[in-house]
Amino acid sequence: MSVDPAGAPTARLLISPDGSVLARVAGDHIDLINATTLVADSEVGIDPGASECDVALLAAPVRLVVVARHDGTTRVHTVDPHGPTAVGELTVRAVMYLAAGSGDHLWLTGPTGSAVVNVARKDLAMWPLPLRTPIHCAGAFSGGRFVASTAGLIEEWDPISRAPVRRFRLNKPAPLRFVGGGTRQVWMVPATEGPRVEVIPLVNHGQPARVELPEPAARVVADGASETLLIIGASGAAWTLDLSGRSPLTPLDLVLDDGCWLPSGKGVVVAVRGGGLEVVPLAGRADVVDAPPVATSRAVRLDAAVPVPVVDAVTASGNVADRLTAWRERVRAAAPRAEASGATWVAPIAPPSWRDHVAAWTRSVMSGTGGEPPTLADCPLAEVGRRFALPDDLAVALTLLYGAHLCGHDGVAAVELAGVVRSRWDEALGRGTLAALGVARWRRGRVRLRRALADALDELPPRLGTVVDSEATPPTSALAIVADDDVDLLELGTWLAPQLGPLLVPNDRGRARPARYLVEARARGAWPFIIAADPADPIPPAAIVLVPDDDTARLLGVPIIARWSRP
């Protein structure tokens, strides 16, 4: 929820998850209100130096969060509203906006990407999210998770693992203005194509797929179970919408600035346009309050730059001056300070890379939440998979093994590998194509990516030879070179590469470990050198075979393309 500190005071309303505190944002201050009596207890001033602020009320214990934007900097302030007392502060060296709040976490987004902040901690912590594309909007989901709208997709994100749990593909990619969801459905309000609410059922119980709205929605608030929506139109007209379809779109006979749901779901608290709060019970949902609503009252501000308490003249007793002094000292600490005193988080300069997506998905697999593997079309990982001619399911296995390498794990359990290769236990236990190609190694029940492939994907130099680069396209079959035993292979490779393509010239370690050398050459997309010692030895399908004479090449069945003699 955004507010301009210098703008005209238009009421915005929030309620804590436990229903104990209301926050009414108006102009340059936030009223903290008792949710039972609707009486303002105290007030928090919004930083006058901020160009714009977002406000949220969430977490357990409850935290009032103010996201204040300055020139190129964003400050996240957390306040205990029962004091009020400042409990945390975080400075972000980037412009970030509050996209949504769920559970103990905020979702912040900006030009540099998205991140989540755990606001329940005293030392605020912030982590970037490995998103493929920028989001249109985000909303709360059940279990403290989020749903976010990207290009043609709605993704459910877990802020703990910082990875997508599942994805919902839209029939027609379109930007969304609001999105949210619960255990039984995901709902969304498109930003274009007419005012309406669309529903994706997760548990199909006959809910409508689309509900047309009388006018565009300016604000949409879901109840705690995301079963009913409060929709406020641009004109201030309001409706409640039962997503189950048991009752039609129901108008409220009020003109509103904002509203929020009581935790019981039996009614809403609304900010009526023109001033004042009211509790509106929903038809057929019984009474919602024990005490009648009382109109709010504001005391005179003692200091325009510092938050001050609001004392209700009806309930005040004793020495009012002493009470005001005590309250002032308690809430002064809640004021955003001119200079940041908390931790500083620097936003990443570049967007997440393909390695970020691989690592995030691997963490979700190893944590048991699963999710769709990342789509990788043009990166070293996809290229290595093509060099080994891996089918789609084994390419996913390669992604998991490299992700475990990036996450610092000593491989993955066989059962985790089986889960991503469609329960092909021959592959998971080392009896399939992955083992035959030398892609992985098995030890003590864990599967680990071969070092040669990990080095190639990490873009490190090879260990068993030297790559001689070339722009030529290599042939697809083995070829023979007639050369003496004492030939200088590096010199020979430099001569051949411009004609035959990139070559991996073996060093002493490569000659001593021919099987590993062949795997490394294939991972690098380079031709290996094979010194023919016995015609009975198998020849790789694509290799440079060094033979001493024509008879040996004839026995091997490999055509001779060149003869080498030292100049």
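A cavity is a set of grid points where a 1.4 Å probe fits but cannot get out, and its lining residues have an atom within 4 Å of a point. With that in hand, welcome to this predicted model. Helix α2 belongs to both, as it lines the largest cavity and comes within 8 Å of helix α4, axis to axis.

**Cavities**

- The model has 2 cavities of 30 Å³ or more.
- The largest cavity has a volume of about 120 Å³.
- Its lining is made up of 15 residues, and those nearest the centre are Pro130, Arg132, Pro164, Arg167 and His357.
- Strands β16 (153-158) and β17 (163-169), together with helix α2, are the elements that each give two or more residues to this lining.
- Helix α2 gives the most, with 4 residues.
- Sorted by class, the lining of the largest cavity holds 7 nonpolar, 4 polar and 4 charged residues.

**Helices α2 and α4**

- Helix α2 spans residues 354-366 and helix α4 spans residues 392-406; their axes cross at roughly 95 degrees.
- Angles of 65 to 115 degrees count as roughly perpendicular, so α2 is roughly perpendicular to α4.
- On the α2 side, the contact is made by Trp354, Arg355, Val358, Trp361, Thr362 and Val365.
- On the α4 side, Val396, Thr399, Leu400, Tyr402, Gly403, Ala404 and Leu406 take part.
- By class, this contact has 9 nonpolar, 3 polar and 1 charged residues.

Notes
Residues are numbered from 1 along each chain as its sequence is written. This is a predicted model: local features need pLDDT of at least 70, side-chain atom pairs count only at pLDDT 80 or more; totals for chains, interfaces and linings use all residues. Side-chain values use heavy atoms; hydrogens and water are left out. Axes are lines fitted to C-alpha atoms, for helices over the stretch in contact, and angles run from 0 to 180 degrees between N-to-C directions. Angles under 35 degrees count as roughly parallel, over 145 as roughly antiparallel, 65 to 115 as roughly perpendicular and the rest as oblique. Contact means heavy atoms within 4.5 Å. Ala, Val, Leu, Ile, Met, Phe, Trp, Tyr, Cys and Pro count as nonpolar, Asp, Glu, Lys and Arg as charged, and the others, Gly among them, as polar. On a 1 Å grid over the protein atoms alone, a cavity is a set of points where a 1.4 Å probe fits but cannot get out, and a pocket is an open set with protein on both sides within 12 Å along at least five of seven lines; lining residues have an atom within 4 Å of a point. Grid points are joined across faces, edges and corners, and a volume is the space filled by probe spheres set on the points.
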